[in-house]
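Have the structure open beside you as you read.

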Amino acid sequence: MRAVAFFVHGVEAVVQLFGWIAAWTCVVLVGLVAGDVLMRYVFSIGAVWLQELQWHLISPIALFGMSYLLLMGEQVRVDVFYERFPAGLQRVIEVVGGLLLLVMGLYIAWLTLPWIDQSFARGEASPNPGGLPLRWLLKSLIPFGFVLLALQGLAHAMRQAFALPTRGE
C-alpha cells in the first residue's frame, strides 16, 4: 500500500510541476500578446516569430493543463447524475475513467510518434519568412502531454481504487 501511495504522490508531484509550468506559460503568453499589440499599434512594428510564438505557447498550456485539471478534480463529468450515485459507484466510475485515460493517453501518444519523427527528419520549420524553426520540438509536446495525462489517469484510478485520501486530507 505504501508503494501505491508513493507512486501516486510521485506522479501527482510531477503533474503539479507541469501545471505550474502551464500557469506561468499563461502569464508569459499574456505579456507577449500585450507587447505584440503595443509594438504593432503604437510603433507600427510587427514580427512573424512573435505571433507564431504566441500560438506555440498555447500548446504546453493545453497539453500540461489537462493533466493538472484531472489532478485538481476539475475534469468534465455529468455532475447532475454523478452526484446522485452512491459513493461505491462513484469510485468505480473514477477507476474506470482513470484506466480509460491511461489507455487513451498512451494510444494517442503512440500515434503521434511517426508524425513527429517525420517532422524531425525533414527539419520542419515555419513556412513563413521570419518564422520559428524547430517545429518538431513543439510537436513533441503532444506525446509528452498525453503520456502525462495517462500517468495522471493511472494515479487517479489508483487513488480511488485503494481509497487513498484526497489531496489536502
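1. Let me begin near the end of the chain. A163 is partly exposed, because its relative accessible area is 49% (buried means under 20% relative accessible area, exposed over 50%, partly exposed in between, with a 1.4 Å probe and protein chains only). A163 is found in the segment after α6, and its phi is positive, at about 50 degrees, although A163 is not a glycine.

2. A word on the source. This is a predicted model, in which local features need pLDDT of at least 70, side-chain atom pairs count only at pLDDT 80 or more, and totals for chains, interfaces and linings use all residues. Residues are numbered from 1 along each chain as its sequence is written, and side-chain values use heavy atoms, with hydrogens and water left out.

3. Which other residue has a positive phi without being a glycine? S44 does, with phi near 55 degrees. Most residues other than glycine have a negative phi. S44 sits in the loop between α1 and α2, and S44 counts as exposed because its relative accessibility is 66%.

4. Now to the helix pairs. Two packed helices are described by the angle between their axes and the distance between the axes. Helices here are DSSP runs (H or I, at least four residues), and strands are runs of E (at least two), numbered from the N terminus. Axes are lines fitted to C-alpha atoms, for helices over the stretch in contact, and angles run from 0 to 180 degrees between N-to-C directions.

5. How do α1 and α2 pack? Helix α1 (residues 2-42) and helix α2 (residues 48-71) have axes 8 Å apart, at an angle of about 155 degrees. That makes α1 roughly antiparallel to α2 (angles under 35 degrees count as roughly parallel, over 145 as roughly antiparallel, 65 to 115 as roughly perpendicular and the rest as oblique). The contact of α1 with α2 has 18 nonpolar, 7 polar and 3 charged residues. In these classes, Ala, Val, Leu, Ile, Met, Phe, Trp, Tyr, Cys and Pro count as nonpolar, Asp, Glu, Lys and Arg as charged, and the others, Gly among them, as polar.

6. L29 is buried because its relative accessible area is 15%. Not counting residues up to four places away in sequence, L29 touches Q54, L57, I58 and I61 (contact means heavy atoms within 4.5 Å). L29 and A155 are 30 Å apart in space, C-alpha to C-alpha, and 126 residues apart in sequence.

7. Next, α1 against α6. The axes of α1 and helix α6 (residues 141-161) come within 9 Å and cross at roughly 140 degrees, and α1 and α6 are therefore oblique to each other. On the α1 side the meeting residues include V4, F7, H9, E12 and F18, and on the α6 side they include F144, L148, Q152 and R159. By class, the contact of α1 with α6 divides into 13 nonpolar, 2 polar and 2 charged residues.

8. What about α2 and α6, parallel or antiparallel? Their axes come within 9 Å and cross at roughly 0 degrees, and α2 and α6 are therefore roughly parallel to each other. Among the residues that meet are P60, F64 and S67 in α2 and I142, G145 and H156 in α6. The contact of α2 with α6 has 12 nonpolar, 5 polar and no charged residues.

9. E94 is in helix α4 (residues 87-122), and E94 counts as buried because its relative accessibility is 7%. Leaving aside neighbours within four places in sequence, E94 is in contact with Q75, R77, Y82, H156, A157 and Q160. Turning to R77, this residue touches Y82 and E94, again not counting residues up to four places away in sequence. R77 counts as partly exposed because its relative accessibility is 30%.

10. Finally, the record. The UniProt annotation "transmembrane region", from an unreviewed entry, covers residues 12-33, 53-71, 92-116 and 136-157; such annotations may be inferred rather than shown by experiment. In the model, residues 12-33 are 100% helix and 0% strand, with end C-alpha atoms 31 Å apart. Residues 92-116 are 100% helix and 0% strand, and their end C-alpha atoms are 36 Å apart.
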